[in-house]
Amino acid sequence: MAPKKVAFIIILNLAFAACLSGEIEAQTQYYIGISEATWDHSTLRILFIPKEEESWWNSGLIDSTVQAINMWNDAFATFASLYPDFAYISNLRLNTTESAVATQGFDVYVSWKEQLTDNSPETIGLTQPYTLSGVIESCNITLAAKDALGISLADSVRQVVALHEIGHALGLLHSNYSDDIMFNRTSFDISVLPISNLDAYGVARVFRWRSFSSQFSPSNQKPSSSSVNLPSGIEYEYLNAPQQDPLSRTISSFLRYIQTPEGLVRLLSFMIIIVGFVSIVSAIYRYYRPRKPRAE
Ligand SMILES: [Zn+2]
């Protein structure tokens, strides 16, 4: 390979590497979107409406949702104890009731369908809030029992989707971090992600009126930007994270990441760098290798 060609490949690789390191640097700034509307009370009554008469129904659908709600309640308590400035979040509580029919007077209604592919093939959870004058009046969550191929969702996927949709019911929008439960798509992964301090902080910001008074008043709901970062001095971390060995955590994180558009682009770029590097090394080797003396 000609020296000019080698130099070109080196420059191309250095440019790729610079782009990647720049993007990784920018990525460390995690943020989460929050709703303009808030709830005007801090104990939310959630009604489960099971579909026991349906052939696809199974009680695991309720169990995974209950586990997700318990995780949220635990996260409020842990976040409040770790960060005294937001201790008021410990007053937030999600209470659940079960009924075969939709009864009036609840805040959040959770129901299930066999599939939710009307909007898009990937949809497995939906949340529809109803707001009035900046206050969330009620919210409907619909969860799928099966994916677009008609395969029952694994318990871990159901739990992750329930965590995400309850996050929306609490007033959260999406996070830019692929390892956060509020990332805008669920990846096909076997582990349930814990709730992060960014998620809990987002909820604290939605309920910021609670830092002034136990009674809601519009004047206590100070204006806020639509997306928030953790306050300076607080690093992103999971709340109540179960023990997991570092290798499987890294593999899960990597699998989730390469299912995102930018993760896929970065993986392809990395592969191009590797191929380029191998080409450079082999070109240099070919250029400088001792030549066999030609027979005269
Ligand atoms: Zn979402």
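Modeller: Two strands pair if DSSP finds at least two bridges between them. Strands (E, at least two residues) and helices (H or I, at least four) are DSSP runs, numbered from the N terminus. This is a predicted model, in which local features need pLDDT of at least 70 and side-chain atom pairs count only at pLDDT 80 or more, while totals for chains, interfaces and linings use all residues. Residues are numbered from 1 along each chain as its sequence is written.

Biologist: How do you know that β1 and β7 pair?

Modeller: Strand β1 (residues 31–34) and β7 are joined by two bridges in the antiparallel sense, and the definition asks for at least two. Within β7, leucine 172 is the bridge partner of isoleucine 34.

Biologist: What makes β7 and β8 edge strands?

Modeller: The open sheet has three strands in the order β7-β1-β8, with antiparallel pairing. Both β7 (172–175) and β8 (227–229) pair on one side only. From one strand to the next, the twist averages 30°. Helix α4 (residues 197–206) packs on this sheet and touches β1, β7 and β8. Here, contact requires C-beta atoms, placed from the backbone, to lie within 7 Å.

Biologist: Why are α2 and α3 called oblique to each other?

Modeller: Their axes cross at roughly 50° and come within 8 Å. Axes are lines fitted to C-alpha atoms, for helices over the stretch in contact, and angles run from 0 to 180 degrees between N-to-C directions. Angles under 35 degrees count as roughly parallel, over 145 as roughly antiparallel, 65 to 115 as roughly perpendicular and the rest as oblique. The two helices are therefore oblique. Among the residues that meet are Trp72 and Met71 in α2, and Leu163 and Ile166 in α3.

Biologist: What makes a set of residues a nonpolar core?

Modeller: Its members are buried Ala, Val, Leu, Ile, Met, Phe, Trp, Tyr and Cys residues joined through C-beta atoms within 7 Å. A residue is buried if 20 or more other C-beta atoms lie within 10 Å of its own, exposed if 12 or fewer, and partly exposed in between, with C-beta atoms placed from the backbone. The largest such core has 54 residues, and Ile89, Val108, Ala200 and Val203 have the most contacts inside it. Helix α2 gives the most, with eight residues.

Biologist: Which residues are in contact with alanine 200?

Modeller: Setting aside neighbours within four places in sequence, alanine 200 is in contact with Ala75, Phe76, Phe79, Ile89, Ile195 and Leu239.

Key: Two residues are in contact if their C-beta atoms, placed from the backbone, lie within 7 Å.
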